[in-house]
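I opened my notebook to look up a few things in a protein model.

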Amino acid sequence: MEAAFPLGEAGRRTVQKLANEMRRAGHGKRYDCVIGLSGGRDSTYTLWYCVTQLKLRPLAVHFNDGFGNPIAGENMVRTCQRLGVELRTVTSDWRESKDLKIAFLKASVPDMEEGTDLGIATALYGVAAKEGVRHLVIGQSFRTEGIAPLSWNYLDGKYLRSVHQQFGTVPLRRWQPNDPGFNLGIKEMFYYAFLRRIKTVTLLYHLDYVRTEVDELLVRELAWKSPGAHYSDDLYQSLIYYLNRVKFNIDRRLFNYSALVRSEQMSREVAMDRISRINSIEDEAVVALCIKRLGLTRSEFEQIVATPPKTFHDYPNSYAFLRLLRLPIKLMSRLNLIPESAYDKFFNCGT
């Protein structure tokens, strides 16, 4: 990936090419692109860069599933006000969102944020389709975040539906192009990527993105405040990290810190020292809040914790079919029709 996405002058040329493409596609429309915004570091910087450095006209879109961090919420409002950007919040149906979270807890799999991850994607696609926008910009960088193994975080609409069918109790809304709900399978992706020609741009893949420098810039330019540990813009991550550790023996910091070590933004010694201690995101008060918000008792939650661990392989999914589409997926990822990391995620990261 380092070779495929060079930095420096080559990266800057790629970014300018992408910006010009977005401007051409946005000509005569209200927006050049849609940017996913969470209030965290990565998405805030991506929005700032698009507005101040590339002079684009983005529409900021936030997906709200009821577990947003108030600090991140303040960051989003303040950032959009200072940059003169419209912020559009897509709020999920709370019954669906809560039911999906409980279903994935009962499914006993580590990718407990499946509903939120798919919800974010469908929110961006739905708004882009509604506004006639052809580019989605997401604040993701493999150099600072890494890529999770598939068995830790597998994203698939068929998988979501199969888990929900087995453990859910609230019917999910049917798919509509402008209001997709939690529906994003192969058919829906074909519609957005090929029929609507909506591309995904991972801008940070091409920029010299150093977290410590970005923190200083965001504080100076936007009065940005850190929501806490990485991913703390979503309070539900506290419960996810806790369960991943105590039930699955998974520490997601492993691939995050490995990426930072590879990009020389953290020493291996510092990384090893940090993972020797429990992640600060596992705030017991926040974990208790999440359990309460889901309508579960602590006893019910502990029963879920005690069930044997499983992975997405234990439920119907599209993985085998996607493996047959290796070459088309590689081509689509290089053409930005799907996130550029998709190919590596499915074929180079293990299962």
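My entries below go from the whole chain to single residues.

**Ground rules**

I noted that this is a predicted model, where local features need pLDDT of at least 70 and side-chain atom pairs count only at pLDDT 80 or more, while totals for chains, interfaces and linings use all residues. Residues are numbered from 1 along each chain as its sequence is written, and side-chain values use heavy atoms, with hydrogens and water left out.

**The whole protein**

I looked up the secondary structure and found 17 helices and 5 strands. Helices (H or I, at least four residues) and strands (E, at least two) are DSSP runs, numbered from the N terminus.

Next I asked what radius of gyration the protein has. Along the principal axes, the C-alpha atoms fill a box of roughly 55 × 45 × 40 Å.

I then looked at burial: 55% of the 351 residues count as buried. Buried means under 20% relative accessible area, exposed means over 50%, and partly exposed is in between (1.4 Å probe, protein chains only). The exposed surface comes to about 15800 Å², and carbon and sulfur atoms supply 54% of it. Such areas come from the Shrake-Rupley method with a 1.4 Å probe; for residues, only the protein chains shown count as cover.

For contacts (heavy atoms within 4.5 Å), I took those with a separation of 6 or more, and residues 24 or more positions apart account for 83% of them.

**Ser108**

Where does Ser108 sit? I found Ser108 in the loop between helix 4 (94-107) and helix 5. Ser108 counts as buried because its relative accessibility is 3%.

Its side chain has a polar contact of 2.6 Å with the side chain of Lys247. The side chain of Ser108 also reaches the backbone oxygen of Pro308 at 2.6 Å. A polar contact is a pair of N or O atoms within 3.5 Å; within protein, one must be able to donate a hydrogen and the other to accept it, and residues adjacent in sequence count only if both atoms are side-chain atoms. Leaving aside neighbours within four places in sequence, the contacts of Ser108 include Phe248, Thr307 and Lys310.

**Ser238**

I moved to helix 10, where Ser238 lies. Is Ser238 buried or exposed? Ser238 is buried, with a relative accessible area of 5%. Not counting residues up to four places away in sequence, Ser238 touches Ile281, Glu282, Asp283, Val286 and Val287.

**Lys130**

Lys130 is part of helix 5 (residues 114-131). At 56% relative accessibility, I logged Lys130 as exposed.

**Two positive phi values**

Most residues other than glycine have a negative phi. Arg197 is not a glycine, yet has a positive phi of about 55 degrees. I placed Arg197 in the loop between helix 8 (186-195) and strand 5 (199-201), and Arg197 is partly exposed at 47%.

Ala223 also has a positive phi, near 55 degrees. Ala223 lies in the loop between helix 9 (211-222) and helix 10 (236-248). With 26% relative accessibility, Ala223 counts as partly exposed.

Terms used:
The radius of gyration is taken over C-alpha atoms; the globule rule is 2.2 Å times the number of residues to the power 0.38.
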